[in-house]
Amino acid sequence: MRFKNLGLLTLLISLFILGSCQDPSTIGLDVNPDILLNAKVVDTSTIYTKLLREDEIITNFNTRSVLGYLDDPQFGKTTANMILALTLPTVNVTFGTNPIIDSAVLVLPYGGVNYGDSTNYTVQVRQLDELLYFEQQKTFTSSKVWLKKPTIIASKVFKPSYRDSIIIQDIRIGRADTIKKVIPQLRIPLNNTFITNQIINAGSANLASNKAFADYFKGLHVALDQTTIAANKGALMLFNTSGSGENGARVDIFYRNTNTNGGTDTTSTSFPINGNIGSAATEISWDFSGTPVAAALNSNAKSNPILYLKTLAGTKVSLKFPYITKLRNLGRNIVVNKAELIFTTEDGSTTPLTPIPLLKIYKWDIAEQPQLLPDENSSLNSLGLGFVDGFYNTTRKTYTFNITNHIQDLVNGGIDYGTFINTFNLGGQGNRLDIIQRSIVGGGNNTGNIKAKLRVYYTDQR
């Protein structure tokens with residue numbers, strides 16, 4: 001009985017303390033019945049949301065590359081070309097006696113979603129006219145324009161099919177050929193004369209090492225033929241430009257040579273593309289002239305009512321919370337129970353182009369370097385990576401960020417060097433080409449029902 005009375009007394013004391021909080025009407029707040037009893041809620045529109053250009057990204061040393069051309073009325077024209085260097089299967093490659101090519105094919109396994117129209121496209125392959133330095137750990141950014149030779153050495157009409165496996169002929173040495181099922185992939189036949197002249201007849205010195213071969217052959221430039229794509233159409237596609245064996249990107253060369261008995265053998269040699277070590281890059285260009293994105297980027301206003309978030313070195317959003325001082329001025333006993341930042345997508349903007357699946361939030365430090373928010377920084381004893389959320393909610397059509405510790409820090413007097421949202425994880429290079437979508441959301445000064453909101457639930461412990 002004593003424990004029951006003690007529990008009741010504790011409850012009454014707690015209710016008395018919570019009930020003694022300052023009246024929220026003094027700063028224009030309302031009580032939210034869904035939150036802890038007598039907690040206050042700031043449901044504010046005082047957020048400055050400014051659209052900015054994203055920094056360039058490194059596009060080699062990734063496992064995936066992007067190919068495509070997308071003409072989006074809101075965002076303009078995005079072009080993505082693949083830059084591929086071949087590596088040798090072994091040192092000192094030889095093709096035997098009197099090699100005669102049967103066929104050669106560039107094999108590109110699909111790496112995920114096709115973003116845009118699922119229709120026929122024409123892919124074109126040319127030889128690079130400059131070196132992709134994959135052995136020297138040199139990085140290349142998204143804005144680099146790669147030199148290429150004018151001659152088209154391969155062209156194919158295809159329809160993106162990243163879900164469907166295909167059946168191909170399986171050439172087996174010393175046995176009868178057969179067929180086999182392989183993973184979804186784009187197979188581009190290369191010009192036989194080109195492969196004979198440039199690879200089979202390359203000579204022993206050029207085939208002695210990866211460095212010698214790269215210096216000699218340079219690589220391949222892969223792009224879509226934009227003249228065949230209608231206005232306000234197109235697509236961006238992900239390809240795995242790494243891996244090994246049958247699941248890896250490569251050039252397969254099928255040929256015959258003379259064996260020691262004077263007969264003819266049919267064989268093949270594969271030249272892998274190892275994007276993870278730098279032998280693949282993506283060339284990205286974005287023409288947004290005359291678009292709503294251009295108007296937002298060029299605006300001198302503190303806040304944009306509509307925010308255009310674009311991946312592939314596109315845009316990011318700077319955030320300012322100018323009226324956090326209203327909570328700070330209440331005193332140092334303010335406890336932030338929950339703070340969430342909510343962005344809502346613009347009506348009609350989620351089809352046919354689906355939104356970015358995940359947005360990331362960071363803060364700048366005094367040196368203008370990006371840092372994790374306290375909520376996501378596991379070294380600060382927070383709940384760690386993933387707690388902040390930022391995933392797109394397909395039902396509510398919103399992005400929600402849990403930034404409780406970040407707002408508490410600002411309320412406690414922490415210096416705000418700026419917060420921002422971008423479209424990729426800054427923790428590494430490996431995923432910066434994996435996301436190819438875009439999103440349109442309301443900003444802090446939007447006058448409609450998609451206004452960005454910072455919702456803070458707090459109690460005053462005095």
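Predicted model: local features only at pLDDT ≥ 70, side-chain atom pairs only at ≥ 80, totals over all residues.

Modeller: Residues are numbered from 1 along each chain as its sequence is written, and side-chain values use heavy atoms, with hydrogens and water left out.

Biologist: Which residues of helix H3 are buried?

Modeller: Helices (H or I, at least four residues) and strands (E, at least two) are DSSP runs numbered from the N terminus. Buried means under 20% relative accessible area, exposed over 50%, and partly exposed in between, with a 1.4 Å probe and protein chains only. An α-helix has 3.6 residues a turn, so residues three or four places apart point the same way. In H3 (residues 210-217), Phe213, Ala214 and Phe217 are buried. Viewed down the axis of H3, these buried residues fall within an arc of 100 degrees, so they line one face of the helix; the arc is taken over directions from the helix axis to the C-beta atoms. Their cover includes strand E6 (121-128), helix H2 (192-200), strand E11 (220-224) and strand E14 (264-272), where contact means heavy atoms within 4.5 Å.

Biologist: How do the axes of H2 and H3 cross?

Modeller: Axes are lines fitted to C-alpha atoms, for helices over the stretch in contact, and angles run from 0 to 180 degrees between N-to-C directions. The axes of H2 and H3 come within 11 Å and cross at roughly 135 degrees. Angles under 35 degrees count as roughly parallel, over 145 as roughly antiparallel, 65 to 115 as roughly perpendicular and the rest as oblique; H2 and H3 are therefore oblique to each other. Phe194, Asn197, Gln198 and Ile199 of H2 meet Phe213, Tyr216 and Phe217 of H3 in this contact.

Biologist: Is helix H6 largely enclosed or largely open?

Modeller: H6 (residues 404-411) is largely enclosed by the rest of the structure, because 6 of its 8 residues are buried. These are Thr404, His406, Ile407, Gln408, Leu410 and Val411. Among the elements covering them are helix H5 (325-328), strand E18 (334-344) and strand E25 (453-460).

Biologist: What does Asn445 touch?

Modeller: Asn445 lies in the loop between strand E24 (438-442) and E25, and at 36% relative accessibility it counts as partly exposed. Not counting residues up to four places away in sequence, Asn445 touches Ile47, Ser303, Asn304 and Pro305. A polar atom of the Asn445 side chain lies 3.3 Å from the backbone oxygen of Ser303. Asn445 and Thr49 are 396 residues apart in sequence, yet 7.9 Å apart in space, C-alpha to C-alpha.

Biologist: Which backbone angles deserve a second look?

Modeller: Most residues other than glycine have a negative phi, and most peptide bonds are trans. Lys218, in the loop between H3 and E11, is not a glycine but has a positive phi of about 75 degrees. Asn232 likewise has a positive phi, near 60 degrees, and lies in the loop between E11 and strand E12 (234-240). Lys218 is partly exposed, with a relative accessible area of 25%, and Asn232 is partly exposed at 46%.

Biologist: Where is there a cis peptide bond?

Modeller: A cis peptide bond joins Thr351 and Pro352, with omega about 0 degrees. Pro352 belongs to the loop between E18 and E19.

Terms used: Polar contact = N/O pair within 3.5 Å; in protein donor to acceptor, adjacent residues only side chain to side chain.
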